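Me: I have a structure open and want to get my bearings. Can we go through it together?

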Amino acid sequence: MRKYLVIGNPIEHSLSPLIHNYWMKKHSITNSVYEKKKVEKKDLRDIVNQVRSGEIRGVNITVPFKKEIIPLLDEVKGDAQQTQSVNTLCRVNNEVYGYNTDTEGFKKSLNDSLSSNNLIDRINKNIFIIGAGGVTPSILKAFVGTANKIYITNRTKEKASEIKKLGDMSIALLGRKRSIIEVVDWGEKPEICDVVINTTSVGLKKNENLDMDFKDYENNKNTLFYDVIYNPKETNFLKKARFRGNKVMNGKMMFLWQAQIAFQMWTGVSAEVDEDVIKLLDND
Ligand SMILES: NC(=O)c1ccc[n+]([C@@H]2O[C@H](COP(=O)([O-])OP(=O)(O)OC[C@H]3O[C@@H](n4cnc5c(N)ncnc54)[C@H](OP(=O)(O)O)[C@@H]3O)[C@@H](O)[C@H]2O)c1
C-alpha cells in the first residue's frame with residue numbers, strides 16, 4: 001500500500017484526506033491511501049526518515065510544523081526557502097525535499113476562472129495583510145514580485161517585522177530596489193488598498209470578529225476582501241465586506257490548488273479542480 005499523510009497538531013479538522021483520496025480513486029491510482037496523523041515535534045524526524053526510505057510516499061504538513069520540519073530535510077526548494085514554510089515533502093533520489101505549494105495555490109485562487117467575478121490581478125496593487133502566522137509568508141510571497149505596496153499588521157508586531165524581513169529578502173532576490181513592505185501598528189489602517197487579506201485564525205469560530213473597522217471601504221466594488229479561512233465558508237470579516245459591497249473570496253480555492261499541486265508532484269497526475277471537487281468541500 002502506498003501511504004500518504006497530512007501531519008499536524010491539531011489535525012482532526014483537515015480535509016486533505018477527503019480531496020486526495022477522491023483524486024486517487026478518480027484517477028485509478030490503486031493501492032494508495034492518504035491519511036491524517038496527529039504528531040508531536042519529536043515524531044517529525046521519524047516521519048522524514050519514513051519518506052526517505054520510501055515507506056511513506058508523500059507528506060503534507062500543517063500547523064504548527066511548517067517551519068520546524070525544515071532542519072530535518074535534505075533540501076528546501078523554491079518558495080519554501082523564501083517563506084521558511086514547507087507544506088509538502090517528496091522523495092527525490094533517496095532524499096527528502098521540502099516544497100511550499102501554498103503560495104502557488106493562493107496565486108491560482110486569484111486567477112481562477114471558477115471564482116468568476118472575484119478575479120483580480122496582482123500587478124501594481126496595494127495589499128493589506130492582516131496577521132503574521134504560519135501561512136502569512138506564503139501569502140506575502142505571492143505579491144512581492146508584482147505589488148506596488150504591501151502593508152502588514154499583526155497583534156504581535158515583532159512577528160510582522162520578522163515576516164517583512166523574509167519578504168524583503170525575496171524582493172532583493174528579484175532585483176527590486178525599493179522596499180515595498182511596511183509594518184503597520186495593530187489597530188491602525190493604511191491607505192485604501194486593492195486587496196485586504198485576513199491571514200489570522202480569527203473567524204475560525206463562528207462568532208469571532210477581527211477588531212478592525214473597514215467602513216471607509218463602503219460601496220468599494222474594486223477591493224477584494226480575502227479570508228484564508230474556508231471553514232466556516234463566510235467569516236464575519238467576509239460577511240461584513242459582502243454587506244459593504246466589496247468583492248469577497250474565502251480560502252477554499254487556495255486550499256484546493258495547494259493540494260492539486262502536491263498531488264501532481266507525487267503522482268504525476270494533474271487532477272481537476274472542478275465543480276465536483278469543490279462540492280466535496282461544500283458538503284463536508
Ligand atoms: N486556505 C488555505 O489553504 C489555508 C492554508 C493555511 C492556513 N489556513 C488558515 O489560515 C489561518 C491561520 O493559520 P496559521 O497557520 O498562519 O496560524 P498561526 O500560525 O497559529 O497564526 C495565527 C495568527 O492569528 C493571529 N491571531 C490569533 N488570535 C488572534 C486574536 N484574538 N486577535 C488578533 N490576532 C489573532 C495571530 O496573531 P499573534 O501572532 O499575535 O498571536 C497570528 O497572526 C487558519 O485559520 C488556517 O486554517 C488556510
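Predicted model: local features only at pLDDT ≥ 70, side-chain atom pairs only at ≥ 80, totals over all residues.

Me: Which residues belong to domain 1 and which to domain 2?
Reply: Domain 1 covers 2-100 + 255-283, and domain 2 covers 105-250. Those bounds come from a domain assignment.

Me: How far apart are the C-alpha centres of the two domains?
Reply: They lie 25 Å apart. Across the boundary, 16 residues of domain 1 are in contact with 14 residues of domain 2.

Me: What area is buried between domain 1 and domain 2?
Reply: About 1300 Å². Carbon and sulfur atoms give 61% of that. On the domain 1 side, Gln 82, Thr 83 and Trp 257 supply 44% of the area buried against domain 2. That is more than any other three residues.

Me: New topic. What is the strand order in the open sheet of 6 strands?
Reply: The order is 2-1-3-5-6-4, and the pairing is mixed. Strand 2 (32-38) and strand 4 (75-76) each have a single partner strand, so one side of each has no neighbour in the sheet.

Me: In which sense do strand 3 and strand 5 pair?
Reply: Antiparallel, over 3 bridges. Gly 58 stands opposite Cys 90 of strand 5.

Me: Which strands does helix 8 lie across?
Reply: Strands 1, 2, 3, 5 and 6. Helix 8 runs at about 15° to strand 5. Helix 1 (residues 16-26) lies across strands 1, 2 and 3, at about 175° to strand 2.

Me: On to helix 7. Which of its residues are buried?
Reply: Asn 236, Phe 237, Leu 238, Ala 241 and Arg 244. They pack against strands 7, 10, 11 and 12. Just after the helix, Gly 245 takes a positive phi of about 95°.

Me: What about strand 11: are its faces covered or open?
Reply: Both faces are covered. Leu 224 and Tyr 226 are buried on one side, and Phe 225 and Asp 227 are buried on the other. In general, side chains in a regular strand alternate between the two faces of the sheet.

Me: Which strands does it pair with?
Reply: Strand 11 pairs in parallel with strand 10 over 4 bridges, and with strand 12 over 3 bridges. Tyr 226 is the bridge partner of Ile 197. Tyr 226 also stands opposite Met 249 in strand 12.

Me: And how does the chain get from strand 11 to strand 12?
Reply: Through helix 7. This β-α-β crossover is right-handed.

Notes:
Residues numbered from 1 in each chain as written. Heavy atoms only, no water. Pairing = 2+ DSSP bridges. Helix = DSSP H or I, 4+ residues; strand = E, 2+ residues; numbered from the N terminus. Contact = heavy atoms within 4.5 Å. Axes fitted to C-alpha atoms, helices over the stretch in contact; angles between N-to-C directions. Buried < 20%, exposed > 50% of the residue type's maximum accessible area, 1.4 Å probe, protein only. Right-handed = clockwise from strand over helix to strand, strands pointing away. Domains from an automatic or database assignment. Buried area = accessible area lost by both parts, 1.4 Å probe.
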